[in-house]
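Please report on the fold of this model, taking the chains and their elements in turn.

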Amino acid sequence: MTDDQSAADDRVPWARQAPAADVKPVTDRMHNLVHGLPAWDPLPPGEILVRRPRE
Amino acid sequence: MSDVSHLQRQVRQVSSQVSDVNSLVQRAQQQLTAVSVEVGGVAAAQKETQNELARLQAELHKYFRQAELAANLGRAETKFGNLQGEMEHTFGHHKRVRRTATGLLQAFDVGLVSEDTVRSIGEELMIDAPRYWLAPALVGLAAWSRDDQEVCARAIETAFGRSPSRTALFFTLILRRQGRLPSATRWLRHYLDSLSPSALGRDFAVILEAVAQGAFGAAARDLVRRKMSEWAEQLGNDDNATATQVARWREEIERYRGKSASDDFPKLSTLSPQWPDLDRALAGAASQQGLLDTYRAMMAEEPKPSARIEDAVDDILDRLVSEYDVEELPLKRQLDEQEAIIESHGDLDAAKQVAELQSAARDETLDYLTIQSTSALLPDQIGVSRATQRVAVSACEPWLREAHAQYTLEYRQQIPDDVRAKISSQLTFGSSAFKMQPWEGSFIQQMPDLERDLARHWDRAIDPFVQSLRFDWGKAAILPTVVLVSGFIFFAAVGAVVFGLIAALVGGAIWGGLIWMEGEQVEKTGLQAEAALKKAKAESLRQLRQAGAELTDWSTRFQTEDRKETDVRSMFDDLRRAGGGVQPFEQRSFAQN
């Protein structure tokens, strides 16, 4: 195995390389759900939510 | 007497003069040695001076270098301070927006978003940072949490207008975190629409991985698959790009090519000039099984879900809210350059190298086709999981199919129309060499016909050779007859008829005996050669029959391997479908202990 090959093997795969400007995690990664959020969701512009009142 | 004493005197004089010359030479040598020592001393002193000079020069260089580094460092520190001031003055509000975003994300992560937290995030934040996408995105997020639909919609429209891709990614990730998968998928579509398939960053690879692992649900996987097909079609219009990908898949198929089967077909491989083509075709057909084994195993494998995928997705969110805005980047790059100079203690070259590496790592993108093929063929190299590999293989199916079709056609075309056997023979018997002209026959003919033809060829070669080995008694008798008759005539002419007759009879008996012995020996060798050649003929006929049988075996084996091509094509259909997931409702749930 050449030096280049072994260097290539040691290299972090492209998709797992964090950019140099990467920062420490800003959250504790609790992944909790926020209670009390409205039933509707923020929608992308141009998309509408039609609500039909219960009869 | 007086002459002798005069001579002695003169010798003594000469001797004393020689002695004087000797002492002079010795003195000269001593002086030379002294001079040499002095010269050595001068050389040592000169070397010392040179060393001293070199040391001084090095110290001077070091001093200048240190002065230069110190000046660079000083300048960089001043520039860094100025740039920081300028950054603070021009984009200080961006920093405030990022701090606010961090606070809000932390509140969302803990699951407690208080009134106080969201109250501070009003629409004035959008006005403070008039071109920064994150400000209205945060306002929209805060408005959502306090159930203010109108402000939320307005803020989102503003954020989307400032940066569609970042806004879409931001809400995709936020909504996924809150388990609102249908809405996250709607945002995901906008995010994918905002990307350019010719320059995709690592974030896309992470999203692809998360989607493939079911973190966004089945609908998102379907959406991504459709988008990938659209990109593949878009980029696939470029014939070169498609050809490159097909060639990569062709290489992949070549990996499964079988080994040479010469050991399994020893006679056919020896006798048939077409064996290399037959061998290549069989090895080519053997790859069908390799492909079936590998890709069926990939489809059957239950992908192990990564426990870290949520964290990787959250890393993207962290980066999104921490990264600098486009208009901040020129100043940020200058700041980074000066910071690199400070960190390298004023070494401009080292700092430049670091800055270039950072910049290259930050800006590195790949086109979609490369990401897709590499994810499918070398998932470890690009850093994606088996699940993503399956999605990628599914998307690459048209290239794989085309490469496979080309490959199959090629090895089938290698099968020769006419498989022939070529037999020749060369044997040596004493001083005689038997050489049979090569015989060739086609296996298209019936084996008995072939055998007959070969046997006739052998006979045509053996008969004249055996004939040539027979002893020619007549030829052998000519010389003795001539000699003996001539001798008898000679003796008869000189009057010794009786003696001549006796001599001729005795000579004839001895010579005849010798010729008889030689003739017997030659006849014996001829018989041995004939037997050996008949044996060789029988052996070559046996080999021909064996080669014919091996050709039948080869044909059966080739057909068995080649028939699997249909299974491989059916498997491609399964592969295409497998990209959608193991089952249509598959999705990922996340729980933290």
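Glu123(B) touches Val139(B) and Val151(B), leaving aside residues up to four places away in sequence. Touching, or contact, means that the C-beta atoms of two residues, placed from the backbone, lie within 7 Å. The C-alpha atoms of Glu123(B) and Val151(B) are separated by 8.3 Å, and the two residues are 28 residues apart along the chain. Glu123(B) sits in the loop between α2 (115-119) and α3 (124-128) of chain B. Glu123(B) counts as partly exposed because it has 15 C-beta neighbours inside 10 Å. The scale runs as follows: buried takes 20 or more other C-beta atoms within 10 Å of a residue's own, exposed 12 or fewer, and partly exposed lies in between, with C-beta atoms placed from the backbone.

This is a predicted model, in which local features need pLDDT of at least 70, side-chain atom pairs count only at pLDDT 80 or more, and totals for chains, interfaces and linings use all residues. Residues are numbered from 1 along each chain as its sequence is written, while chains are lettered from A and ligands numbered from 1 in the order in which they are written.

**The chains.** Helices (H or I, at least four residues) and strands (E, at least two) are DSSP runs, numbered from the N terminus. The two chains are set out below.

| Chain | Secondary structure | Buried share |
|---|---|---|
| Chain A | one helix, zero strands | 7% of 55 residues |
| Chain B | 21 helices, two strands | 31% of 593 residues |

In chain B, 73% of the contacts with a separation of 6 or more join residues 24 or more positions apart. Between the chains, 30 residues of chain A are in contact with 51 residues of chain B. On the chain A side, 19 of these residues are nonpolar, five polar and six charged. Here Ala, Val, Leu, Ile, Met, Phe, Trp, Tyr, Cys and Pro count as nonpolar, Asp, Glu, Lys and Arg as charged, and the others, Gly among them, as polar.

**The core.** The largest nonpolar core has 110 residues. Such a core is a set of buried Ala, Val, Leu, Ile, Met, Phe, Trp, Tyr and Cys residues joined through C-beta atoms within 7 Å. Leu134(B), Ala135(B), Leu138(B), Val139(B) and Val211(B) have the most contacts inside it. Helix α18 (residues 386-413) of chain B gives the most to this core, with eleven residues.

α18(B) bends by about 60° at Cys396(B), and Pro398(B) follows within four residues. The bend is the angle between axes fitted to the seven residues ending at a position and the seven starting there. The expected span is 1.5 Å times one less than the number of residues. Helix α20 (residues 473-493) of chain B reaches 30 Å, close to the 30 Å expected. One of its 21 residues is buried, so α20(B) lies largely in the open. Gly495(B), with a positive phi near 95°, follows α20(B).

**The hairpin.** β1 (residues 420-429) and β2 (residues 432-442) of chain B pair in the antiparallel sense over nine bridges; pairing requires at least two DSSP bridges. Two residues separate the strands, and Gly430(B) in the turn has a positive phi of about 60°.
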